[in-house]
Amino acid sequence: MSGRSVAIVGAAESDFGSVPHLTTFEIHAQAATRAAVDSGLNKQDVDGLFTCGGFGALHALEMSEYLGLHPRFLGSTNVGGSSWESFIESAVLAIQAGKCNTALLVYGATPKSDVKRKLRSGDLAAMPRAIQQYEAPFGATLIAKYALIARRHMYQYGTTPEQLAAIAVAMRKNAARNPKAAMREPISVQDVMASKMVADPLRLLDCCLRTDGGGAVIVTRADRARDCKKPPVWVIGTGSAESHATMSQMEDLTISPAKRSAATAFSEAGITAKDIDVLQCYDSFTITVLLTLEAMGFCKPGEGGSFVEDGKLAWDGALPTNTDGGGLSSNHPGMRGIFLLIEATRQLRGESTAQLNNPRIAVCTGTGGFMSHCGTVVLAKD
Amino acid sequence: MASEWFHPIVDTESEPFWTAAREGKLLIKRCRSCSKTYYYPRHFCPACWSGETEWVSASQLGTIYSCSAVHQNPAQPFNDLCPYGVVLVELEEGPRMMVNWDFDVPLELMQCGMPVEIAFRSVSETLALPIARPRS
């Protein structure tokens, strides 16, 4: 049980979108310092650091040094976009065990500017060595891997491209409320269907954006949380689950590891899917959302398509999801899980650009790799 | 080995697999201890951690578990090949493997549930890569 022993007390984004004037390290610093201001805590209070995704093999050490920190507890397990939800799990354990009192989670990346500068390609292809030698030679892009998942779901359950498109349409409707979102013009299912095919059945508008930016979240002990600037957002349940690293090893392409991460987190928090007022669901692709909804128990396996097609994921729908516009329409600098935590915190504080009426329980489920890993965090306010 | 970036970096665990591939044969592994048949090859058994494993010739028959026609890939040589098919084949022996759809067979024929055979296309003097195609 997480109980109410640890809370999120600070949450902030760096400048995001296209920020070629900022280095990735500056983005980390901008987000971290803003999160500290948001919390009312000082740099000196931070004695735990969780970060991953930089260039070097020793990113956690580089970031500690750059930020001028000497953390008593350091975590850097990189499981992709869900790293941030799993970092919350680790931070709660570290704080409960007395290994640190206040932990900073921080992320930053500039994939949009890096592609323009030709520092990286549009697809982060794996080197064909070790276990990737059995997949990299076949040109299965990141999008193609998710396309395999979508195609299997369609084959097995009759899910349609139009149903996937409804997810993108709802995220855009949410983004329209967010002045900082990269894409705010409303779109229709027909617009999604008319966009370019990238990897069948996924089209351009089924895919997340590629933007620059970062974010930071600060968590602390209950007694300190109560003294912070804003009301605490309690971490009442966490769960993580891994599944695979290569697609041939994913046991069932229609089942997200969110099934296990959510079950663990819900059990700790003593909630079910019905108790959730607002959901922040990793949306690297429309199919990511569909599988996550089924895995978390919002609908039965195979029913995700009909569940989403009425637009219930929009901020004014029955299951408000990604109220900032998500990775499909707001921002997506690569490993987006930190933004799920930030928007959930804002909803529980009453600070969202698409604010709901007094939500009490928010859940974040991040997904990393190729539906390879999920982390679920249940948040609640007093 | 050829130096193109997408060419497998062959190691001691994979060398028999890629050597057989050049001869048009698909080798997979089986555990002598727990009888698990698995792909991709490992010297030990991932199911029971036994070191008593053997190479076996696969039937090279399977069905398409899932597939995608890739229309965009900025990286060469794939960019020139677009659209091309990526296929997860479920082998009759049980394991799944990722391969390409036969570049000489229309992409429209590729679909989930379809019976296929595994063949190999020669990419260079030292490398042949597995492909899936309709059973002959």
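Which strand order does the open sheet of 3 strands in chain B have? The order is β2-β1-β3, and the pairing is antiparallel; two strands count as paired if DSSP finds at least two bridges between them. Before we go on, please keep in mind that this is a predicted model, in which local features need pLDDT of at least 70, side-chain atom pairs count only at pLDDT 80 or more, and totals for chains, interfaces and linings use all residues. Residues are numbered from 1 along each chain as its sequence is written, while chains are lettered from A and ligands numbered from 1 in the order in which they are written.

Strand names follow DSSP runs numbered from the N terminus (E, at least two residues, for strands; H or I, at least four, for helices). Strand β1 (residues 27-31) of chain B is joined to β2(B) by 2 bridges, and here B:Lys29 has B:Tyr38 as its bridge partner.

Further along chain B, look at β7 (residues 115-122). This strand runs antiparallel to β4 (residues 61-70) of chain B, with 3 bridges joining the two; B:Leu61 is partnered by B:Glu117. β7(B) is also antiparallel to β8 (residues 128-134) of chain B, this time through 7 bridges, with B:Pro130 as the bridge partner of B:Phe120. β7(B) and β8(B) make a hairpin that has 5 residues between them.

Now turn to chain A, which has 13 helices and 11 strands. Its radius of gyration (taken over C-alpha atoms) is 19 Å, close to the 21 Å that the globule rule (2.2 Å times the number of residues to the power 0.38) gives for 382 residues, so chain A is as compact as a globular protein of that length. Buried residues make up 62% of chain A, where buried means that 20 or more other C-beta atoms, placed from the backbone, lie within 10 Å of a residue's own.

Helix α2 (residues 59-67) of chain A gives a local view of burial: A:Ala60, A:Met63 and A:Leu67 are buried. They lie on the same side of α2(A) because they cover an arc of only 65 degrees around the axis, the arc being that of the directions from the helix axis to the C-beta atoms. An α-helix has 3.6 residues a turn, so residues three or four places apart point the same way. Among the elements covering these buried residues are α1 (24-39), β2 (48-51) and β3 (73-75) of chain A. After α2(A) comes A:Gly68, with a positive phi near 75 degrees.

Finally, the two chains meet: 29 residues of chain A are in contact with 30 residues of chain B, contact meaning C-beta atoms, placed from the backbone, within 7 Å. On the side of chain A that touches chain B, α5(A) gives the most, with 6 residues.

Conventions:
Buried ≥ 20, exposed ≤ 12 C-beta atoms within 10 Å, placed from the backbone.
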